[in-house]
Amino acid sequence: AASASLISSASFAATTLQEHRIKIDGQQRRYYHLSNPAATQAGTPIFLISGSGCDDFATRLPRFFERYGDDVNVYYLEKVGVQKNSHGDKCTKQFMAADIFDKRHADHLKFIEAEPTLKKMPVRSIAVLGFSEGGAFAPYLARDSKKIGWLATAGSGGLAQSEEFLIFAARGVAPY
């Protein structure tokens with residue numbers, strides 16, 4: 001039991017979540033980059049698309065990748081009008097006005113072409129990962145950006161994310 005405890009409590013990559021700003025259509029937007037600054041090489045960039053609602057998904061972002069490894073390299077564009085530390089119980093008027101599929105889709109495409117690191121990436125070199133409503137949205141982004149070479153969705157079929165991760169774990173899918 002003692003050795004099992006030591007194995008299960010092994011330390012994982014020291015990731016850092018950095019907040020950045022970028023202009024899209026003249027509007028300042030927040031985006032986040034989750035990475036391990038000590039890693040000798042950054043892994044494949046993953047562009048994460050969150051689900052519906054106006055909660056501050058960035059506060060939960062590191063937990064999804066805590067066992068990913070040293071080369072974690074995740075980008076996340078915050079939705080328009082999301083307040084920091086919001087639990088999603090009251091959405092801003094700005095969020096409500098901008099929460100339109102075509103607008104969100106266009107913003108994400110523009111982000112890929114404007115964010116300095118992603119802008120330099122070659123064709124088919126970025127992975128897109130959509131959670132919940134983002135899982136329904138991500139295939140359109142993959143279709144319309146030549147830079148996206150991988151697509152994954154989670155929770156887009158009506159299951160809670162926690163249930164999907166338990167299915168992954170039961171089937172031995174790493175890192176779960």
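These legends describe close-up views of a predicted model.

The model is predicted, so local features need pLDDT of at least 70 and side-chain atom pairs count only at pLDDT 80 or more, while totals for chains, interfaces and linings use all residues. Residues are numbered from 1 along each chain as its sequence is written, and side-chain values use heavy atoms, with hydrogens and water left out.

**View 1. Six strands form an open sheet.** The 6 strands follow the order β1-β2-β4-β3-β5-β6, with mixed pairing. Strands (E, at least two residues) and helices (H or I, at least four) are DSSP runs numbered from the N terminus, and two strands pair if DSSP finds at least two bridges between them. β1 (16-24) and β6 (148-154) stand at the edges with a single partner strand each, so one side of each has no neighbour in the sheet. From one strand to the next, the twist averages 25 degrees; angles run from 0 to 180 degrees between N-to-C directions, and axes are lines fitted to C-alpha atoms, for helices over the stretch in contact.

View 2. β3 (residues 46-49) is joined to β4 (residues 73-77) by 3 bridges. I46 has V74 as its bridge partner in β4. Helix α6 (residues 133-144) touches β3, β5 (126-131) and β6, where contact means heavy atoms within 4.5 Å. The direction of α6 makes about 150 degrees with that of β5.

**View 3. The whole structure has 1 cavity of 30 Å³ or more**. On a 1 Å grid over the protein atoms alone, a cavity is a set of points where a 1.4 Å probe fits but cannot get out; a pocket is an open set with protein on both sides within 12 Å along at least five of seven lines, and lining residues have an atom within 4 Å of a point. Grid points are joined across faces, edges and corners, and a volume is the space filled by probe spheres set on the points. The largest cavity holds about 90 Å³. Its lining includes R29, F95 and H108. Helix α4 (101-114) and helix α3 (93-98) each supply at least two lining residues, and α4 gives the largest share, 4 residues.

**View 4. The second largest pocket holds about 160 Å³**. Among the residues lining this pocket are R21, R29, E78, G81 and Q94. Strand β2 (residues 27-35) gives the most to the lining, with 4 residues.
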